[in-house]
Amino acid sequence: MAAKTQVLLIEDDKSIASFITTSLSGNGYRVIHALDGKEGLSLAASNCPDIILLDLGLPDIDGCEILKELRTWCSVPVIVISARTREQDKVNALDLGADDYIAKPFGTAELMARIRTSLRHSYTASPEKVYRAQGLEIHFEKRLILLNGEEIHLTQIEYQLLTLLAENSGRVLTYHYIMNAIWGPYMDSNNQILRVNMANIRRKIEVNPAQPRYVFTEVGIGYRMLENESI
Ligand code: CA
């Protein structure tokens with residue numbers, strides 16, 4: 001029998017922890033639970049979990065500090081689960097290396113979906129060669145984009161932007177992350193150039209750019225591309 005996927009849950013609220021543990025166990029995961037940040041870091045080091053669920057408001061160390069510390073030695077996917085719903089908190093956590101962010105309260109189905117997405121990304125050793133979802137195909141090696149079988153022509157920057165999102169499909173990428181990846185760290189921090197390019201991409205691939213099917217805006221945070229169905 002395959003070993004169960006091990007989830008480290010760092011959460012001080014006992015009722016939330018119990019809800020999450022029950023949901024995860026019922027879905028075939030093994031859960032180890034830490035009640036504070038110190039215990040969380042120590043269990044992360046000793047148990048090598050497959051994924052970490054991290055609360056931000058912990059009694060001893062702030063979750064953002066834990067994330068920073070974890071990212072100095074560990075690349076395991078981290079999903080932040082937090083009652084902090086300000087955009088800036090989400091942006092901070094994602095920029096510090098969280099793979100995803102779920103605002104409390106959330107349902108079991110959403111949590112399971114986010115965990116599956118994060119695990120899939122961490123298990124994919126080599127980057128996918130094709131992105132495919134709802135009629136949109138990106139063949140990375142051929143640099144070919146098809147929409148319902150018709151070739152779509154993008155500029156160099158638009159192509160880089162779309163493939164960056166496609167390679168991270170299902171995850172939100174922050175404006176800062178995208179700006180840095182495409183234009184480099186010295187670019188002016190205003191996102192105007194990003195918005196213009198995104199508008200152009202949407203005009204080319206979306207039936208209704210105001211109600212996108214492929215690239216979603218996470219207001220104040222960044223963009224998330226529809227999950228790749230070919231993985
Ligand atoms: Ca808490």
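View 1. Cysteine 48 comes after H2 and has a positive phi, near 45 degrees. Helices (H or I, at least four residues) and strands (E, at least two) are DSSP runs, numbered from the N terminus. This is a predicted model, in which local features need pLDDT of at least 70 and side-chain atom pairs count only at pLDDT 80 or more, while totals for chains, interfaces and linings use all residues. Residues are numbered from 1 along each chain as its sequence is written, and side-chain values use heavy atoms, with hydrogens and water left out.

H2 spans residues 37-47, and its buried residues are Gly37, Gly40, Leu41, Leu43 and Ala44. They sit on the same side of H2, because they cover an arc of only 165 degrees around the axis; the arc is that of the directions from the helix axis to the C-beta atoms. Buried means under 20% relative accessible area, exposed over 50%, and partly exposed in between (1.4 Å probe, protein chains only). Lys38 and Ser46 are exposed, on the face of H2 turned away from its buried side. Strands E1 (6-10), E2 (30-34) and E3 (51-55) and helix H3 (63-70) pack against the buried residues of H2, with contact meaning heavy atoms within 4.5 Å. At the start of H2, the backbone nitrogen of lysine 38 has a side-chain oxygen of aspartate 36 within 3.3 Å.

**View 2. Helix H3 and its neighbours.** The buried residues of H3 are Gly63, Cys64, Ile66, Leu67 and Leu70. Their arc around the axis is only 160 degrees, so they lie on the same side of H3. These buried residues pack against H2, E3, strand E4 (78-82) and helix H4 (87-95). Where H3 starts, a side-chain oxygen of aspartate 62 comes within 2.9 Å of the backbone nitrogen of cysteine 64.

**View 3. The calcium site.** Asp12 (OD), Asp55 (OD) and Gly57 (O) coordinate the calcium ion at 2.2 to 2.3 Å. Aspartate 12, in the loop between E1 and helix H1 (14-26), and glycine 57, in the loop between E3 and H3, are 45 residues apart, a pair that links distant parts of the chain. The donor residues have the sequence spacing D-x42-D-x1-G. Donors are N, O and S atoms within 2.8 Å of the metal (3.2 Å for Na, K and Ca); water is not among the atoms, so sites may look incomplete. Aspartate 12 is partly exposed at 30% relative accessible area, and glycine 57 is partly exposed at 36%.

View 4. The peptide bond from lysine 104 to proline 105 is cis, with omega near -5 degrees. Proline 105 belongs to the loop between strand E5 (100-103) and helix H5 (108-123). Glutamine 134 is not a glycine, yet its phi is positive, about 45 degrees. The loop that holds glutamine 134 runs between strand E6 (130-133) and strand E7 (136-139), and glutamine 134 is partly exposed at 40%. Arginine 143 also has a positive phi, near 55 degrees, and lies between E7 and strand E8 (144-147). Its relative accessibility of 46% makes arginine 143 partly exposed.

**View 5. The two domains.** Domain 1 (2-123) and domain 2 (130-225) divide the chain, with bounds that come from an automatic or database domain assignment. Their C-alpha centres are 27 Å apart. Across the interface, 10 residues of domain 1 contact 13 residues of domain 2. The two domains bury about 940 Å² between them, 55% of it on carbon and sulfur atoms. Buried area is the accessible area (1.4 Å probe) that two parts lose on being put together, summed over both.

Definitions and conventions: Polar contact = N/O pair within 3.5 Å; in protein donor to acceptor, adjacent residues only side chain to side chain.
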